[in-house]
Each structure stands twice: as C-alpha cells, then as structure tokens.
Amino acid sequence: MKHSRLGPWLAIAIGAIYFLVPLIGTFEFSLRMRRGEYSFDAYRIVLADPQFQATFTYSTCLALASIVVGVLLVVPTAYWIQLRLPRLRPVVEFITLLPLVIPAIVLVFGYLRIYNSSSLLPMTSSERATDVLLTFSYVTLALPYMYRAVDTGLRSIDVRSLTEAAESLGASWPTILFRVIFPNVRVAVLSGAFLTFAIVIGEFTMASLLDRPAFGPYLQLIGANRAYEPSALAIIAFIVTWACMGLIQVFGRGARLASDKR
Amino acid sequence: MAFIEITDVRKSFGSQNVVQNFDLAVEHGEFVSFLGPSGCGKTTTLRMVAGFEQPSAGAIRIDGNDVTGLRPNQRNVGMVFQSYALFPNMTVADNVGFGLKVAKRPAAEIHARVAEMLELIKLPALAGRYPYQLSGGQQQRVALARALAIKPQVLLLDEPLSALDAKIRVSLREEIKTVQRELGITTIYVTHDQEEALSMSDRIVVMNEGRVEQVGTPFEIYNYPRTRFVASFVGTLNVLRARVTDAARGEIMIDDQPIIARRGIADAKTGEIRLAALRPEAVSLADSGGERNRMQGTIEEVHFLGSVMRVRVRFSESAISLDTFNNRGAEPPQRGQKVTVGFAYDDIFVLDSAEAS
C-alpha cells in the first residue's frame, strides 16, 4: 500500500518542480536589480512606466469589451441550442473548438485579408475600427472557454421547465433570458469572463499584427530591451491570471455550496 | 358552451401519432384529470392546452376564444410542473410575484397578492426563503401559488405530486383540491396515479396510446369501465374468459361453471367468446346465501397485506383474486383449500366484443 502511494507523490513532486522552479527563478531574478541585495526596484520601474499603465488599461478595456460581446453572443446561442436545437449541439461545439486548432496567426492573417483598408469592410482603416476588430478576434479566441463554461452552467439547471414556467406567467423572450436564465448561469458566465480576461490580458499575436498598443506586445518589447523588468512583468502577468483563476474558484465554490443545499 | 373546448385535436411527432382525435369539453370550475400510463399522450395534450406544443390538427378554445395559435404567454393559463420549476435565483415572494411583475402591476398590488397567495398555501413565514431552502412539498405549494397569483383562467397541473413521497402526496392532493374548490378555477390535472385521479377529479379522461378510452366521473370510471384497458388500469381487475350461453337471460359459462351476468351482456350473441371482469372486492369467500353467482375452486395463493388478505382462487383454467378482511378470530384461508366463492349478478360485467380477440 505504502509502495503504491510513492508513485503519485513522485509525479506531484516532479510536476511542482517543473512549474515552480522557473517561477521562483523568475521571481528571484526580478528582485536582483539592485546589486548585492534583493529589492522591488524592477516592479517599481515597471508600475511607474506610463506605457505599462497605458497598455494594461487598453488590454483591460478590450478584455471587458470582449467579455460583454462574448456573453451576449454565447449565452443566447447556448440557451437556444439547449432549448430548441439540441441536435445542433455537436456542430456548435465543433465550431467553438476551432479557435483552439487554428493558430492565432492564421486567424489574424485571415482578418487582414478580409478587413484590410481596401476591402468592402475596411476594419483596419482606423484605430477605433481596428479596436473593434481586435475585440471580435478576442471573442473568437475565448469562444471555446466561454461556450463550455456557459453550456455547463445551462446544463446544471432545468432550462426547459424554467423557460416554460416563465412563459406561462406571461414573460417574453427578453424577460426570460435576462431575468430567469442569466441570473441562474451567473457563476458560469463569470467563469467564462475570467478565462476571457486571462487570455486577452497577455495575448500577443493578434494585437501585434493588428498594430494595437496592448499589454502583450508591451511585454514582448520590454523583454527584448531590458534585463530585470521582463521578469517583474511576467510575475505581474502571472498574478493577474492567478487572480482570475482564484475568482473562478471562489464563485464556483459559492455555487457548489448553494447547489449542495438544494 | 363549455369553458374549455378541445375539438378533434391531433398531434404527431414525425410519423408517430402521439394524440389522436381528442375531443373534450370542460365546464367552468370543473376539475378534470387526464389519467393514463406513460406515453399515452396525456402530458402532450396538456402542453397543447398550455401552448407549449402546437396541435397538428384541431382547435382549442378557452372561454369561447380560439387559443390554438396563441403563444403560452398570451393564454392566461397557470401551469404547475412536476419538477416545480421555481426560479432558483428568486425568493418565494419573488417567485410568486413574478407573473404580476411581468404584467407590470403596481408594487402595492403585487405585495398584497403575494401575501394573499402565501396565506392560501399556508406558507406566509417563508416569503424570504430561496427554493433550495424548502422541502419538495413546500416548493410545489409555492409553484401552485405562483401559478394562481396571475389569476389564470385555467390551471394546468402536470403530475405535480409524482416527485414527492407518499405521505406528502396525500396531504398535498387534499390541499390542491381545497384550493381549487375555494377559487372555483377550471383545472386540468395530469397523472398516472389512479388514486389521485379518483380522489380529486370531477371527471376523469382515461387515455391509452394517444386515444381517449373513456370520459366519466370517478364513480363511472371505476364501476362501469367501458373497455378492458379502463377496467384493468383503474383499480385491480380479474379478467376471465367466458362463453355466452344465453345472451337474452345473461347466462355465461366460465370454466364450465354457469354464471349470470347482468352488465354488458345486452349486445352479446349466444355462443360468442367474451371477456368478463370482476373486481376483487366484489368477491367473497363465505357463501352468504341469496341469489348470487357461486364458483368452486381451490386456493392457490394467500397474500397477507395487513388489514386485508388477498386470496387467489383457481378454477380449472381461470383464476381470480379476491380481498377478505383479516379477522383474528377466524381461521385464515390455506393454500390448497377447496372453497366456494360468491359474487352478485351485477358485479360481473362482460367487456366489449373487440376485447376478447
């Protein structure tokens, strides 16, 4: 019995070393800016950099816009598939998985061909239009995660009965969607939202090729020209991502506790 | 004119006919149950009245208005679901007031109506609780209050008690009946539980394979079933193969023993093979004398059921079950014992000719 437990512990230890050692190394290196002693100078410089603030704010705004567009696109779609078109579920699942198998660089070249300044829909002709294009491309990138999160949430409630109950009480479709369905998949939507945020905040390929001042290209720029600041930025990016994951856990646990009581 | 008129309604899913030529007129304030086994089309018919399914043919009228093409939210019909379908994100009060809020009623009116409904279901103290904080019975009472809060013209209940345990089921069905009687609301109730249908309904529609087998009061359905299906589905029934020996005098032969049957024999022909039906409670073991049918047989099985014993008596080919009270002072019936069973001429009824084939 004791023998059989050694294997799993060994695997966990190897995994922990594999993930933690580079992280600890990066963190340790980010503290060595001042010669001969540890300091948070690299963090201070990075956080004080106006470009950091501008790019982080830009990416945060685009992440929030992507979340709103993603939720408005995915929740009604997943709801309708579950309620009326369950036979289309495999097709929709396949479509939502495509961004995982098609590299971002292929997607962005496709966008550039379709939406270039001489096309019928010149989305790259102005900064604002390119921002819109970038938002939609982020929605596409986050689609596999957002759809799965929402679909799982919808499967955990009796969508058909709730819809019919609301309908028999006189509710219209928008009322059913916004007052009955949305509040009951709130945790799933939040999970999808945090995943979208985590993806968008560090995304490089799309923002770089569409030439937008996002946080991802800034990370790359700093990484190519500085020594300690990139490590500090990497740790900051990790913290942002982990905070998102932690929030998913917090909301998920709340929902699980509520459903356990049921 | 009846309050609800369902005229020649049919429903098909692809090539499968789920409901066929359904006709029914329900009077105002009447409590009608659709009773039948799973897949008989009772829930589909109810859903067509609610507007969740569109009939393939036929028409549905409520209070003289054709509602066949109307959406569920345009019909003013209250619905109670088997799974309660309470909104998990809302409190009991919010659930009950949802329909009124949707109808944009003034806040004071909503508040008063919610309080009235919670009084009606005897749960005024639970207004602030969420559905997950309630028992199954409480949830179903809230679902009933929510359906009634909008003052619907018709109340539809789709197997509302089947997810509850037996004791709560009995008490809740009495409550539903009391509420329905107090409000005088026209109600259609779907169930596969004959006891529920018999105890609550003014009339029962027995359905089988998408067709209406019989419509009648609980008394008529139980005592005068028109088909073998109704007779066997509602209550326990002994079905025996009989040869009509003299149709005019109501004489039949079961396992070479002469029997007189006074019900269902009028359209039979002498020499014809028919099925005869007999309720277990109509048969007695003791020969009480008088003008009765008597048959000799042997006890095959004795099942002790507490206050009652169910005894199975075999004749040469057929066998019947009968119920006898558990009498502590008397010798209990024994397997293999030769007995004479008796039943009144009116208690055995001959079923339709098609049933014997």
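Visitor: What share of the contacts in chain B between residues at least 6 apart in sequence joins residues at least 24 apart?
Guide: In this predicted model, 66% of those contacts in chain B join residues at least 24 apart. A pair is in contact if the C-beta atoms lie within 7 Å.

Visitor: What makes a residue of chain B count as buried, and how many of the 357 do?
Guide: The test is 20 or more other C-beta atoms within 10 Å of its own. By that test, 42% of the 357 residues of chain B are buried. The C-alpha trace of chain B spans about 75 × 50 × 35 Å along its principal axes.

Visitor: Why are β12 and β13 of chain B called paired?
Guide: Pairing needs at least two bridges. Strand β12 (residues 251–254) has 4 bridges to β13 in chain B, so the two count as paired. They run antiparallel. In one of these bridges, Ile252(B) has Ile259(B) of β13 as its partner.

Visitor: What makes β13 of chain B an edge strand?
Guide: β13 (257–260) pairs on one side only, as does β19 (349–350), the other edge strand. The open sheet has 5 strands in the order β13-β12-β11-β14-β19, with antiparallel pairing.

Visitor: How many residues does each chain give to the contact between chains A and B?
Guide: Chain B gives 19 residues and chain A gives 19 residues. On the side of chain B, β6 (77–80) and α2 (92–102) are the elements that give two or more.

Visitor: Which classes of residue make up that side of chain B?
Guide: It has 14 nonpolar and 5 polar residues, and no charged ones.

Note on methods. Residues numbered from 1 in each chain as written. Chains lettered and ligands numbered in written order. Predicted model: local features only at pLDDT ≥ 70, side-chain atom pairs only at ≥ 80, totals over all residues. Contact = placed C-beta atoms within 7 Å. Nonpolar A, V, L, I, M, F, W, Y, C, P; charged D, E, K, R; others polar. Buried ≥ 20, exposed ≤ 12 C-beta atoms within 10 Å, placed from the backbone.
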